[in-house]
Amino acid sequence: MTSVRELAEKIESDRQLTEDLSAPIAGIKDELEGLAAQARALGIERVAGVLEQAKGSLEEAESSRVVLQGGLEKARWQVMSAVHGNIGPGAKGSGPGGSFIAADGKITTADGSPVNPHLDAVPPHLRQDPSPTGDELSGVDPSISPFQKEHENAEADRGMSKARRLGRGMVRSAGDIADYSKQTSSSTTFDLDDDYDPWGPSVQTTVEVPTGQPPVFFNRPEADDIRAGDVFSTTIVVAAFAVEALSRIGRKKDNG
Amino acid sequence: MADYPLFRKIVKTLALGEGAKGRELIAEMRNEDQREYANYVSAMFAETAGHILDKDHSLAAIKKLVDEMAYAYRKVDPPFKPMAMEVLFRVLFYEGQTLDEVSPQDQLRFQLMAIRMIVDKHPEVFAQLDTFLAEAESLALEWESEA
């Protein structure tokens, strides 16, 4: 039981770390906002654009952080409920007078001292179904990690709705002149028809096999490709480990 | 009321790469409809690009798509502008992205080029092209009503 408590403490410290990240993220976001405004004031639109995007990435990172923090809170709660066996929807109360406990005093805690039959400090497997699967510890579909599940729901159809909303930025309003549209569209037909060639030089012999993978022509610097999400990778690994360790403990306990 | 049925026909032929037919239809367009036509193309661009980048619209995914276009359109003259294309995609997914750097003519040209490639390379878009064209009309009308 000691190791489970250690796990709970570890999860709690990870949760604290995750929570502590909130302030620096908010700080950097403000800073980026300020810098973007300055760049825009100076007329350096490209720089401002990059800074705005970095800000967007940070906002996504913050939302991942909130999800992660929630997941860790949940994980700790599950560990603690496994330790105490007295919280959570699946836990049975021991009832008046400790009715689920053998009255002969054979049940002891890890250090060998007798268990007070009036407390709930009895491992769940002694009080409940004698062959639990361990799934009750995770509380979710075991094939999907809790983070993945919550995250995916939060992201549902975001790209499409964004494109529809932000696409309005391209709209020419009633006062705008668009007298080029026919001319431009007509000349573009040649690009679309004669010059469109997605698969490369046409296959002349039967030996050549088109790969379907166009070569990358543009070797651009990746400096503007800021991924604030990387900040979390370490913590996420720890969290994934915690979940895995938890289910192992669950199984071990069942087998033993 | 602009002639949206004609817009749909034009964009459909262009998306399918039927240049000669497209030029005939474009010639039928009333001059005063050109602004709404350009907006309709933007709406179709938002629908198709929004569809294929729905799940992943990271900068990496956008760059990959732009590189694909740069390859498919490597023969065009005047040349394809990857940076301008990237800006057009970014506008759809990132707040605060400005279009100032891309001329209105380039916007229209590269949007049409993107639509054509997406329809060609994505069978599910090709199969439902008429649905996409109709959705684009709803979106364009929505934009017009709010403009």
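Predicted model: local features only at pLDDT ≥ 70, side-chain atom pairs only at ≥ 80, totals over all residues.
Tutor: Local features here need pLDDT of at least 70, side-chain atom pairs count only at pLDDT 80 or more, and totals for chains, interfaces and linings use all residues. Residues are numbered from 1 along each chain as its sequence is written, chains are lettered from A, and side-chain values use heavy atoms, with hydrogens and water left out.

Student: Happy to start! What makes up the secondary structure of chain B?

Tutor: Chain B has eight helices and zero strands, in the order α-α-α-α-α-α-α-α along the sequence. Helices (H or I, at least four residues) and strands (E, at least two) are DSSP runs, numbered from the N terminus.

Student: Why is B:Ser103 called partly exposed?

Tutor: Buried means under 20% relative accessible area and exposed over 50%, with partly exposed in between (1.4 Å probe, protein chains only). B:Ser103 has 30% relative accessibility, so the residue counts as partly exposed. B:Ser103 is in the loop between helix 5 and helix 6 of chain B. As for chain B, 63% of its 147 residues count as buried.

Student: Which residues have the most contacts inside the largest nonpolar core?

Tutor: A nonpolar core is a set of buried Ala, Val, Leu, Ile, Met, Phe, Trp, Tyr and Cys residues joined through side-chain atoms within 4.5 Å. The largest one has 66 residues, and among those with the most contacts inside it are B:Tyr37, B:Phe45 and B:Met85. Helix 6 of chain B gives the most to this core, with nine residues.

Student: What does B:Phe45 touch?

Tutor: Contact means heavy atoms within 4.5 Å. Not counting residues up to four places away in sequence, B:Phe45 touches residues including A:Met170, B:Met85, B:Phe89 and B:Ile115.

Student: Why are helix 3 and helix 6 of chain B called oblique to each other?

Tutor: Angles under 35 degrees count as roughly parallel, over 145 as roughly antiparallel, 65 to 115 as roughly perpendicular and the rest as oblique. Helix 3 and helix 6 of chain B pack at about 40 degrees, with their axes 9 Å apart, and are therefore oblique to each other. Axes are lines fitted to C-alpha atoms, for helices over the stretch in contact, and angles run from 0 to 180 degrees between N-to-C directions.

Student: Which residues of helix 6 of chain B make that contact?

Tutor: Among them are B:Leu108, B:Gln111 and B:Ile115, facing a helix 3 set that includes B:Phe45.
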